[in-house]
Amino acid sequence: MAARAAQATSQAANLSAPQLEAVYAMSRVVVETVEVDDALAKIVQLARPVFIFDNAVLYIYNEITKALEPSYARAIGRGRSTEADLAWGEMAAQQAFEHSQIYLREPELNPDLDRLEQHFYLGLPLKVGGQLLGALVFIRFGGPTYEEEQLVLADYIATHVSQLLGRQQLIDRIANLEAERRLARLQSDFIATVSHELRTPLGFIKGYASTLLRRDTEWDADSRSEFLTIIDEEADRLSDLVDNLLDSSRLQAGTLNMELQSVDLVNLLEESVVRLQSRFPELTIVVESEPAELEMLADPKRLDQIVTNLVSNAAKYAPGSQVSVHLRASANSALVEVSDNGPGIPLEHSENVFKRFFRIPENTDGIRGSGLGLYICEQIARAHGGSIQVDRSATDGARFLISLPLALTQPIAEEREHA
């Protein structure tokens, strides 16, 4: 049988008009269909009228497991029965793949046995450019035997499937290369951003500490106090940057622990504003709340972090501005608005501002920042089942809308804590 198969593949057999039409249609499918499974379904549909089979199975070679694994299977005709579905031709696929040639297994038909128990296997190797990609198996239950013309047709079908897999392999390789380049670019940008942001406070700390340690100069009390204040502020800025880097990494990995508890959101916002007003005395920060109190299940530290990041942004990009923190509630959610009357956010950047390390190009000159604050805000809001977005209708400054669900149930909270 193997000799007959080899002879069939070496012959330039003439195909019938319907068979040729099916082969040409398969060629178009390979070229025009993007998804592999969709293309395989169309190829099977085109092959069935001109080539008899009950089951068709595609096996792909897995480079990691070093084994053939079924990737696509179709049972039609007599192959639709439960018993027939169990016959997927693993041995035929293995033989065709290992020997890189058509494999046939055609038992003597036994009239005393059920036709579904008598499997006629045809295994075809799939290869592109000399590389074996897998095997295609056709199964007939109870015959008929595979004629030479049918073997040639099956080989054409296998060639088209090989081309399809080869194209997908090339697409995957290009995608992997692009992903690697994108990762390398992100790593490079990350190192550049972090290096710059770390170097600035470290430079201040080192410079003023060295100045204070000079033995050839005596500093008066006011100067020493000024230098130490700068060192203290830059150390706080450095600590905040490290915390943001760690938080952003944990948020991206889903490992940042959320300590959920019952929180009065009105009280939390008022306490945050008092603390932030002391930290940013140049700002005028007002808080307004429609409900007198609003209980919800949340991590108070992380919600405070959202407000702190937004107010810190206002201090950097809208110095001297009035910052408003407005809370209102619906039946199912709390909506917190944080707004300022600074230059605002251009519409074209309203989505990008929540990406890691993104900073609005026209706002970066002379303003220090890592581009992590809004990313962290969005991830914390999501971890609470909520969202944050830029109010695109705002015309007199930046306005952020934070929506938080009030019905965060305990099972959901426990799931988020262990995410």
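Q: Hi! Which residue does Glu288 stand opposite in strand 9?
A: In this predicted model, Glu288 stands opposite His326 of strand 9. Another such pair is Ile285, which has Val323 of strand 9 across from it.

Q: And in which sense do strand 7 and strand 9 pair, parallel or antiparallel?
A: Parallel, over six bridges, with strand 9 covering residues 322-329.

Q: What about strand 9 and strand 10, parallel or antiparallel?
A: Those two run antiparallel, over six bridges. A hairpin of three residues links strand 9 to strand 10. Within this pair, Leu327 sits opposite Val336 in strand 10.

Q: What holds paired strands together, in general?
A: Backbone hydrogen bonds do that, in either parallel or antiparallel pairing.

Q: Nice. What is the strand order in the whole sheet?
A: The order is 7-9-10-12-11, in an open sheet of five strands with mixed pairing.

Q: Why is one side of strand 7 and of strand 11 left without a neighbour in the sheet?
A: Strand 7 (284-289) and strand 11 (387-390) are at the edges and have a single partner strand each, so one side of each has no neighbour in the sheet. From one strand to the next, the twist averages 15 degrees.

Q: Which strands does helix 8 touch where it packs on the sheet?
A: Helix 8 (residues 265-279) touches strand 7, strand 9 and strand 10 (333-339). The helix 8 direction makes about 175 degrees with that of strand 7.

Q: And helix 9, which strands does that one touch?
A: Helix 9 (residues 300-317) packs on the sheet against strand 7, strand 9, strand 10, strand 11 and strand 12 (399-405). Its direction makes about 175 degrees with that of strand 12.

Q: Switching topic: where does Leu256 lie?
A: Leu256 is in the loop between helix 7 (221-253) and strand 6 (261-264).

Q: Is Leu256 buried or exposed, and why?
A: Leu256 counts as buried because its relative accessibility is 8%, and the cut-off for buried is under 20%.

Q: What is Leu256 in contact with, leaving aside neighbours within four places in sequence?
A: Its contacts are then Asp247, Arg250, Leu251 and Arg302.

Q: One last topic: how much space lies in the second largest pocket?
A: About 370 Å³. Its lining has 18 residues, and the closest to the centre are Ile60, Tyr61, Leu133, Leu165 and Gln169.

Q: How do the lining residues divide into nonpolar, polar and charged?
A: For the second largest pocket, nine are nonpolar, five polar and four charged. Elements giving two or more residues to that lining include helix 3 (36-47) and helix 6 (148-213).

Methods:
Residues are numbered from 1 along each chain as its sequence is written. This is a predicted model: local features need pLDDT of at least 70, side-chain atom pairs count only at pLDDT 80 or more; totals for chains, interfaces and linings use all residues. Side-chain values use heavy atoms; hydrogens and water are left out. Helices (H or I, at least four residues) and strands (E, at least two) are DSSP runs, numbered from the N terminus. Buried means under 20% relative accessible area, exposed over 50%, partly exposed in between (1.4 Å probe, protein chains only). Contact means heavy atoms within 4.5 Å. Two strands pair if DSSP finds at least two bridges between them. Axes are lines fitted to C-alpha atoms, for helices over the stretch in contact, and angles run from 0 to 180 degrees between N-to-C directions. On a 1 Å grid over the protein atoms alone, a cavity is a set of points where a 1.4 Å probe fits but cannot get out, and a pocket is an open set with protein on both sides within 12 Å along at least five of seven lines; lining residues have an atom within 4 Å of a point. Grid points are joined across faces, edges and corners, and a volume is the space filled by probe spheres set on the points. Ala, Val, Leu, Ile, Met, Phe, Trp, Tyr, Cys and Pro count as nonpolar, Asp, Glu, Lys and Arg as charged, and the others, Gly among them, as polar.
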